[in-house]
Amino acid sequence: MGRVKKTRKFAQVKRLLNPNDARLKENKIKQRAKEEEKKAQAVRRVPQVASSLFLQHNEALAPPYRVLIDTNFINFSLQNKIELVSGMMDCLYAKCIPCVTDCVMAELEKLGPRFRIALRVARDPRFERLPCSHLGTYADDCLIQRITAHRCYIVATCDRELRRRVRKVPGVPLMYIVKRKYAIERLPDQGVAS
């Protein structure tokens with residue numbers, strides 16, 4: 001006896017569901033995720049405005065002014081031979097309390113021996129030390145985080161990128177160096193003083 005030939009019958013194959021079939025679980029999950037994403041995009045999230053702001057006027061700013069100092073502001077002040085505290089008082093016509101965060105101090109320490117004078121200036125007892133609770137030592141993010149949380153500071157920096165970021169936060173004035181003097185920007189009472 002010979003072997004029986006097994007031949008496949010024409011067009012008889014295992015039937016599979018189309019991967020795009022609506023009955024599949026994965027497709028239903030993806031469809032729900034798309035719908036939730038559309039709903040989330042439809043809702044606008046507006047950040048809470050500080051209660052101290054009256055339009056663009058910040059009522060939390062009053063003498064004695066608290067000035068948050070960036071790393072490069074100390075360095076440029078030394079290069080232009082400007083004494084920090086007296087220069088700030090001459091610019092603002094009021095008492096100023098320079099504030100230095102832990103991140104700024106850490107940046108100055110990382111910069112090494114070339115910036116030892118700036119580090120010595122930052123350790124001045126007239127400067128107020130502000131502790132940082134976040135991870136990392138990037139001073140720009142630290143300053144932006146602090147001024148968005150508390151709008152009672154003036155930010156002193158010569159860094160263009162940081163100044164651009166600070167301008168996006170309403171009601172926070174900027175201090176920088178122009179022609180060997182301190183200048184203030186966006187302080188409601190004075191405009192730009194030199």
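View 1. Tyrosine 65 has cysteine 96 as its bridge partner in S4. The model is predicted: local features need pLDDT of at least 70, side-chain atom pairs count only at pLDDT 80 or more, and totals for chains, interfaces and linings use all residues. Residues are numbered from 1 along each chain as its sequence is written, and side-chain values use heavy atoms, with hydrogens and water left out. Strands (E, at least two residues) and helices (H or I, at least four) are DSSP runs, numbered from the N terminus. S3 spans residues 65-69, and four of its five residues are buried (under 20% relative accessible area, 1.4 Å probe, protein chains only). S3 and S4 (residues 96-101) run parallel, joined by four bridges.

**View 2. The other neighbour of S3.** Strand S6 (residues 153-156) runs parallel to S3, with four bridges between them. Here isoleucine 69 stands opposite alanine 156.

**View 3. The whole sheet.** Six strands form an open sheet of mixed pairing, ordered S5-S4-S3-S6-S7-S8; pairing requires at least two DSSP bridges between two strands. S5 (128-130) and S8 (181-185) each have a single partner strand, so one side of each lacks a neighbour in the sheet. The twist averages 35° from one strand to the next (axes are lines fitted to C-alpha atoms, for helices over the stretch in contact; angles run from 0 to 180 degrees between N-to-C directions).

**View 4. The S7-S8 pair and helix H7.** S7 (residues 174-178) and S8 run antiparallel, joined by five bridges. Tyrosine 176 has alanine 183 as its bridge partner in S8. Helix H7 (residues 160-167) packs on the sheet and touches S6, S7 and S8 (contact: heavy atoms within 4.5 Å). The directions of H7 and S7 make about 145°.

Methods:
Buried < 20%, exposed > 50% of the residue type's maximum accessible area, 1.4 Å probe, protein only.
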